[in-house]
Amino acid sequence: MPQLYQHKMLRPSTQRYSVTRPLYSEDTFEDEHAKVYRKHKRLLDHFIQYFTCTSERAKNTAVSLLPIIGWMKIYSIKDWLLNDIVSGVSTGLVAVLQGLAYSLLASISPWYGLYAAFFPVIMYFFLGTSRHISVGAFPVLSLMVGAVVTRLVPDEGLPANITAFEGLTKDEQRILVSASLTFLVGLFQLGMGLLQVGFIVMYLSDTLISGFTTAAAVHILVSQLKFVLGLTVPGFSGPLSIIYTLKSLFTQITSTNIHDLVTSIVVMVMVLGVKEINDRFKSKLPVPIPIEVIMTVIACGVSYAFNFSENHGVDVMTAVEAFPIAIVGFSVAFAVAKVYSVKHDYLIDGNQELIAFGASNIFGGAFKSLAASTALSRSAVQESTGGKTQVNSSNCFVNPLIKVVSVLGAVVIVNLKGMLMQVVTVPYLWKKDRPDCIVWVGTCLAAIFLGLDLGLAVGLGLELLTVVFRAQFPRCCVLANISGTDIYRDRKDYVNVSIYEPEGVKIFRIPSPIFFANIDFFRDKLKDAVGFNPLRILRKRNKAVKKIKKMIKKGELTLTSNGLQATCSMPIEESEDESNMEDLDKPTDYSDLPIQVNWSADLPANIRVPPVNIHSLILDFSGVSFLDISALKGLKAALKEFIRVSVDVYIVGSYIIEKLRNCKFFDDEIKTSIFFLTIHDAMLFIHESHPPKTVSEEVNKTEVSDRNTLTAAAHPMG
């Protein structure tokens, strides 16, 4: 079978298909094929189902709430354990020092930052769904906690009037505030997870996440420069904080610690070189070479041997005042987790991640830990050193005696390479999808200059604008027939094939939902496609009929063998129509007229009405998934305008017919019989009602039999 399929694909010109079936409208199809009407569940039914417990559902819930049950079943000790141990130790080297540093941002004792590298990790090991993010302290959350801590327990003056503060020292009061806030953050996250609001992360598109994580990598790169250069840089927060940080760095550039700089350069060169070896010989190496661990151990040994701290002023676990990265924990954690889940082809659950981080922060808060999220640098180390599952997180709590902080900065910078290299996708996005490119660039620039929290908000705003733009201004088009087939395509897209527009028929396609925001756009585009405004013509016709009746009554028009003739040769001036506009919008009243008015011919007494050059209009709604009430009203008005100027309207698209029935859309003018299964069904029906005056040889290839059958012969698309 595969060989036959491949053979056909290599010779598309020899493939043809022929279908013979009755011509179907939606009504005739439903008469012949009974449709099963399913009962839609009520809100109460969903509520009852949600709280109904069965043994199978209890089992699935347990597996969902404890992902460890699922991945431990497939855990390969032989293939993964060594990688996870190496990754855990490598990440632990980074996590411990970052925990110490970020605790200073929270204005609490540094040792409590170590707790963030241990207690939250325990809970995430059992509850988390991401295999590669490193849970622990994050600078933004630390700064947010620090803002509350310093407000309630300021450096100078009395603390806030809180009963729990009585009898505690200032440090103990600050730790109490930090732990309580962490516990409360966990409660909020856990509550949102249990309420299943993790769907909000679906609004974080891959493009947005790519731009956002690239900007976050830039922030982290700048934050590590002070370690690499051995400078003391104050912390900056808010918009343009990265500019202020760079300004502070460059103003002190002449005070760079050469030993720190040289050490960092050597480490970065070595780490980059070994990582290239890991990538090139990935298939031959049993595990990636843990170069980060090796360089850290070597640097610590050299630091002790040469006493860098005293002899050369190299910073040894100094108070790090890192700049704030303003972003909330869950958004960052899920954004990073999503990048790695796509890269390594596994699924993550937004609701379960909320539950996991909620439980982690509740557990950590109970042990006076800092609020936990993830950090891009740690996660990059964890992933790049070969981590396979959550087991690597359980190895992350180590307590090395790190002496050279610049080594950590160098390792972090090198591991940001993957994130920073995402910028190469910008030219591709610009060529393939410019709205997506605008989202990427806008998110990245906003996150860099305004901060990560505002940058994420800007990115979401841009993303929503692109969705609105695509839905509000869809690419409507006029379709034409590929001669000899039942295929209809945009007439502007094909110039070198035999394509024609059926005589007196206009086929109009809208490829998006129709709702309040784009119904006016749809009606305007439809008028442009047909070349006239049906409402304007209807009003002109009603005015003309009223005028003709009035002139006949006054004897100014008489009936002759040639039709109506004016009794005077002078042109009759058009008087003001006293009728209101509502009367003019109604169907034309031809009663009391002795003859039928031919609107295509010249009218007497210089009465002029714009011509209508089509007799049928087909609306291709196969891409319309829903209509709202505003769209229903606008669509109904538009259809009646065409029907009242003698244009037969047909609709293709079965998805919306049930909605139209439920909303009492159909009446004496608009009937269900206007719906057809396909465009070609509608065209064949039109040809029966309005036989074309001249039909080319190509058109003759598609015929309508006496028994209303449809026959099509076509080349399949290559």
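## Basis of the model

Residues are numbered from 1 along each chain as its sequence is written, and side-chain values use heavy atoms, with hydrogens and water left out. Because this is a predicted model, local features need pLDDT of at least 70 and side-chain atom pairs count only at pLDDT 80 or more, while totals for chains, interfaces and linings use all residues.

## Overall make-up

The protein has 30 helices and 13 strands. Helices (H or I, at least four residues) and strands (E, at least two) are DSSP runs, numbered from the N terminus. Of its 718 residues, 45% count as buried. Buried means under 20% relative accessible area, exposed means over 50%, and partly exposed lies in between (1.4 Å probe, protein chains only).

The accessible surface comes to about 37500 Å², and 60% of it belongs to carbon and sulfur atoms. Such areas come from the Shrake-Rupley method with a 1.4 Å probe; for residues, only the protein chains shown count as cover. A contact means heavy atoms within 4.5 Å. Among contacts between residues at least 6 apart in sequence, 79% join residues at least 24 apart.

## Strand β4 and its partners

Strand β4 covers residues 477–482, and six of the six are buried, so the strand is largely enclosed by the rest of the structure. Two strands pair if DSSP finds at least two bridges between them. With strand β7 (residues 505–509), β4 pairs in the antiparallel sense over three bridges; Val 478 has Phe 508 of β7 as its bridge partner. β4 also runs antiparallel to strand β6 (residues 499–500), joined by two bridges, and here Asn 481 is partnered by Tyr 500.

Three bridges join β4 to strand β5 (residues 488–490), again antiparallel. In this pairing Asn 481 stands opposite Tyr 488. β4 and β5 form a hairpin with five residues between them, and Gly 484 in the turn has a positive phi of about 80°. Asp 486 is also placed in the loop between β4 and β5, and at 24% relative accessibility it counts as partly exposed. Asp 486 and Thr 678 are 192 residues apart in sequence, yet 9.3 Å apart in space, C-alpha to C-alpha.

## Nonpolar cores

In soluble globular proteins, nonpolar side chains tend to be buried together. A nonpolar core is a set of buried Ala, Val, Leu, Ile, Met, Phe, Trp, Tyr and Cys residues joined through side-chain atoms within 4.5 Å. The largest one here has 50 residues, of which Leu 619 and Phe 621 touch the most other members. At least two residues of this core come from each of α25 (519–530), α26 (534–554), β10 (616–620), α28 (629–643), β11 (648–652) and α29 (657–662).

Not counting residues up to four places away in sequence, Leu 619 touches Phe 508, Leu 526, Leu 639, Val 649, Tyr 650, Ile 651 and Val 652. Apart from this core lies another, of 45 residues, including Ala 217, Phe 334, Leu 416 and Val 426.

## A nonpolar patch on the surface

Leu 240, Ile 243, Tyr 244, Leu 445, Phe 449, Leu 450, Leu 454 and Val 458 form a nonpolar surface patch, with about 620 Å² of accessible area together. Patches are made of residues with over 30% relative accessible area and no salt bridge: like charges are joined within 9 Å, nonpolar side chains (Val, Leu, Ile, Met, Phe, Trp, Tyr) within 5 Å. Two or more residues of the patch come from each of α12 (241–251), α23 (434–450) and α24 (452–472). α23 gives the largest share, three residues. Tyr 244 is found in α12 and, at 40% relative accessibility, counts as partly exposed.

## Salt bridges

A salt bridge is a side-chain nitrogen of Lys or Arg within 4 Å of a carboxyl oxygen of Asp or Glu. By this rule the count comes to 17. Glu 641 and Arg 523 meet in one of them (2.8 Å, N to O). Glu 641 is in helix α28 and Arg 523 in helix α25, 118 residues apart, and the pair links distant parts of the chain. Both Glu 641 and Arg 523 are buried.

Arg 644 forms a salt bridge with Glu 669, the closest N and O atoms being 2.8 Å apart. Salt bridges that share partners join Lys 636, Lys 640, Arg 644, Asp 667 and Glu 669 into one network.
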